[in-house]
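Q: I should like to learn how to read the features of a protein model. Could we work through an example together?

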Amino acid sequence: MPLSDETCLKLALISKNHDKIAKEFETIYNQYSKLVSFCIGKFIDNNETIKDLTNDVFLSFFQNANNVKGSIKSYLCKSAKNKAIDYLKSKKDYIDIDSINTLSINSASFYYNLFEDLKRILSKEEIAIIEYHIVYGYSFKEIGKILNISSSNANVIYFRALKKCQDI
C-alpha cells in the first residue's frame, strides 16, 4: 500500500535530506497545481493572476510545510481560496464572504463555463459531488454526510460522472 502524500512529506522533512524534500515538493506541486489553479479560477478571471496566485499558494505551503495539519489537498484548496479572496480585497473587487458564491460564478468565466457545460450532461447531485470533492477537497465520507448518502454511493456517483464527461 503506497504511503500518503502527507506521510511521504513528513518522512522527507524528518530526514532533512534536501533531495528527498525537493522531490516530495515537486511531486505535490505536479499533483495539485491544476487543482489549486482551478480553485483560484473560481474567484479570479485572469490567467496571469491565477498563475501568480497559484505560485504564491505553493510558496506559502513550502515555507509552512512543517505546520500543515491534515490533508495536503484540503490545505492547498483552502489556501487557494484565501489567496484569491485576499487578492480581491487588495484590488477592492471584493464582495463580503456571504456573497462569495455569486461572485465566483459571475466573475470567473472559466468556472462558470465549465459548470454550465457539466449541467448539460450531469445531474445536480453529480455536479455537487464533483465540486465538493475536487474544488473543496472533501472525502467521499464527508460528501456522503452532506448529501445524506453512503460514502460508497458518493464514490460511485463521482466516478460515473467522470466517465460520462470522458465519454463526451
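Q: Which elements make up the protein, from the N terminus on?
A: This is a predicted model. The protein has 9 helices and 0 strands, so its order of elements from the N terminus reads α-α-α-α-α-α-α-α-α.

Q: What share of the residues is buried?
A: Of the 168 residues, 37% count as buried. The protein exposes about 10500 Å², and carbon and sulfur atoms supply 51% of that area. Among contacts with a separation of 6 or more, 59% join residues 24 or more positions apart.

Q: Which residues touch the most other members of the largest nonpolar core?
A: In soluble globular proteins, nonpolar side chains tend to be buried together. Here the largest nonpolar core holds 28 residues, and Leu9, Ile28, Ile40, Ile44, Phe61 and Leu76 touch the most other members. Helices H1 (5–15), H2 (18–41), H3 (47–63) and H4 (72–90) each give two or more residues to this core, with the largest share, 9 residues, coming from H2. A second, separate core of 12 residues includes Leu122, Ile130, Ile157 and Ala161.

Q: Is Thr54 buried or exposed?
A: Thr54, in helix H3, has a relative accessible area of 3% and is therefore buried, the cut-off being under 20%. Leaving aside neighbours within four places in sequence, Thr54 is in contact with Ser33, Val36, Ser37 and Ile40.

Q: How many aromatic pairs does a search of the whole structure find?
A: The search finds 10 aromatic pairs. In one of them, Tyr29 and Phe58 are edge-to-face, at 4.7 Å centre to centre with 65° between the planes. Because Tyr29 lies in helix H2 and Phe58 in helix H3, this pair ties together parts that are 29 residues apart in sequence. Tyr29 is partly exposed at 31% relative accessible area, whereas Phe58 is buried at 1%. Phe140 and Phe159 form a tilted pair, at 6.2 Å and 50°; Phe140 belongs to helix H8 and Phe159 to helix H9, 19 residues apart. Phe140 is buried, with a relative accessible area of 14%, and Phe159 is partly exposed at 46%. One aromatic cluster comprises Phe25, Tyr29, Phe58, Phe61, Phe62 and Tyr75.

Q: What span should the 12 residues of helix H7 have?
A: At 1.5 Å a residue, helix H7 (residues 124–135) should span 16 Å, and its end C-alpha atoms are 16 Å apart, which agrees. The buried residues of H7 are Glu126, Ile127, Ile129, Ile130, Glu131, His133 and Val135. Just after H7, Gly137 adopts a positive phi of about 75°.

Methods:
Residues numbered from 1 in each chain as written. Predicted model: local features only at pLDDT ≥ 70, side-chain atom pairs only at ≥ 80, totals over all residues. Heavy atoms only, no water. Helix = DSSP H or I, 4+ residues; strand = E, 2+ residues; numbered from the N terminus. Expected span 1.5 Å × (residues − 1). Buried < 20%, exposed > 50% of the residue type's maximum accessible area, 1.4 Å probe, protein only. Contact = heavy atoms within 4.5 Å. Areas by Shrake-Rupley, 256 points an atom, 1.4 Å probe, with all protein chains shown as cover. Core = buried A, V, L, I, M, F, W, Y, C linked by side-chain atoms within 4.5 Å. Phe/Tyr/Trp six-rings, centres within 6.5 Å; stacked < 30°, edge-to-face > 60°.
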